[in-house]
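This report goes through the fold and helix packing of the chain shown below. Keep the sequence and the structure at hand while reading.

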Amino acid sequence: ERQLFRLFDQDIPDLDRLLLSIIVTTGMRLDEAALLTGKQLKRDRNSIRYFDLSLTAIVKNDRFASRNVAIPDCLILPELNDGIIFDFPRNADGKASSKASSVLNENYFHPIRTGKDDDRKVVHSLRHNLSGFLLNLSDPAPSAEQLDWITGHGMQGGITESERQKTYSQDPDVKVKYDIVNRIQHPWLSAKTC
């Protein structure tokens with residue numbers, strides 16, 4: 001937590017801060033967040049905000065990455081048009097994570113490292129941070145299945161949310177995921193995002 005305070009205490013341009021805030025509050029992969037468009041921001045039947053990752057097929061080559069990502073209340077988003085949010089260069093596969101990782105790590109993670117041999121603090125650490133916070137929740141603790149839904153790993157009986165949504169014409173999991181991620185406090189985020 002001390003390192004998260006140090007990270008977010010830096011002078012970070014708004015869009016970079018937004019990207020880091022999305023990752024630490026939702027547990028999204030860097031490419032999932034870096035490739036977001038405003039069109040992917042949606043609301044479910046309970047008016048809960050979420051990102052629809054089924055609209056970004058290139059982020060990860062497994063069926064579990066295509067999911068709805070609940071957005072906790074502390075993540076304040078700017079007005080978004082339907083286009084891209086973050087303008088990182090993309091490689092031949094259409095992915096942005098390589099360039100985004102390089103820029104974000106050099107500018108914001110390297111300055112908070114404990115020394116030259118400390119290579120453990122990287123953008124992906126934010127996803128691990130959220131996973132750790134989720135594992136520490138109690139009363140009630142989230143199930144392993146719920147944790148997988150949030151992070152985009154194996155899901156309910158090997159069925160992805162998009163398949164359930166197609167089959168049942170609804171996604172009952174956004175509220176469940178929202179209720180879980182909303183229990184995590186993020187005091188290191190600035191007043192602009194929390």
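Of the 194 residues of the protein chain in this predicted model, 48% count as buried. The secondary structure comes to eight helices and three strands. Read from the N terminus, the elements follow the order α-α-α-β-β-β-α-α-α-α-α. Among contacts in the chain with a separation of 6 or more, 66% are made by residues 24 or more positions apart.

**Helix H4**

H4 covers residues 97–109, which is 13 residues. Its end C-alpha atoms are only 15 Å apart, whereas a straight helix would reach 18 Å at 1.5 Å a residue. Ala100, Leu104, Asn105, Tyr108 and Phe109 are the buried residues of H4. They lie on the same side of H4 because they cover an arc of only 120° around the axis. An α-helix has 3.6 residues a turn, so residues three or four places apart point the same way. Ser98 and Glu106, on the other side of H4, are exposed.

| Helix | Residues packed against by H4 |
|---|---|
| H1 | residues 2–8 |
| H2 | residues 14–26 |
| H3 | residues 30–34 |
| H5 | residues 124–135 |

**Leu30 in helix H3**

Leu30 lies in helix H3. With a relative accessible area of 13%, Leu30 is buried, since the cut-off for buried is under 20%. Leaving aside neighbours within four places in sequence, Leu30 is in contact with Leu19, Ile23, Ser97, Ala100, Ser101, Leu104 and Val123. Two of these residues, Ala100 and Leu104, are among the buried residues of H4. The C-alpha atoms of Leu30 and Ala96 are separated by 8.3 Å, although the two residues are 66 residues apart along the chain.

**Helices H2 and H5**

Two packed helices are described by the angle between their axes and the distance between the axes. For H2 and H5, the axes come within 7 Å and cross at roughly 30°. That angle makes H2 roughly parallel to H5, because angles under 35 degrees count as roughly parallel. The crossing of H2 past H5 is right-handed. On the H2 side, Leu20, Ile23, Val24, Thr25 and Thr26 take part in the contact, and they meet Leu126, Arg127 and Leu130 in H5. Ile23 is also one of the residues in contact with Leu30.

**Helix H6**

H6 spans residues 144–151, and its buried residues include Leu147, Trp149, Ile150 and Thr151. Gly152 follows H6 and has a positive phi, near 85°.

How values were computed. Residues numbered from 1 in each chain as written. Predicted model: local features only at pLDDT ≥ 70, side-chain atom pairs only at ≥ 80, totals over all residues. Heavy atoms only, no water. Helix = DSSP H or I, 4+ residues; strand = E, 2+ residues; numbered from the N terminus. Expected span 1.5 Å × (residues − 1). Buried < 20%, exposed > 50% of the residue type's maximum accessible area, 1.4 Å probe, protein only. Arc of directions from axis to C-beta. Contact = heavy atoms within 4.5 Å. Axes fitted to C-alpha atoms, helices over the stretch in contact; angles between N-to-C directions. Parallel < 35°, antiparallel > 145°, perpendicular 65-115°, else oblique. Left-handed = near helix turned anticlockwise from the far one by under 90°.
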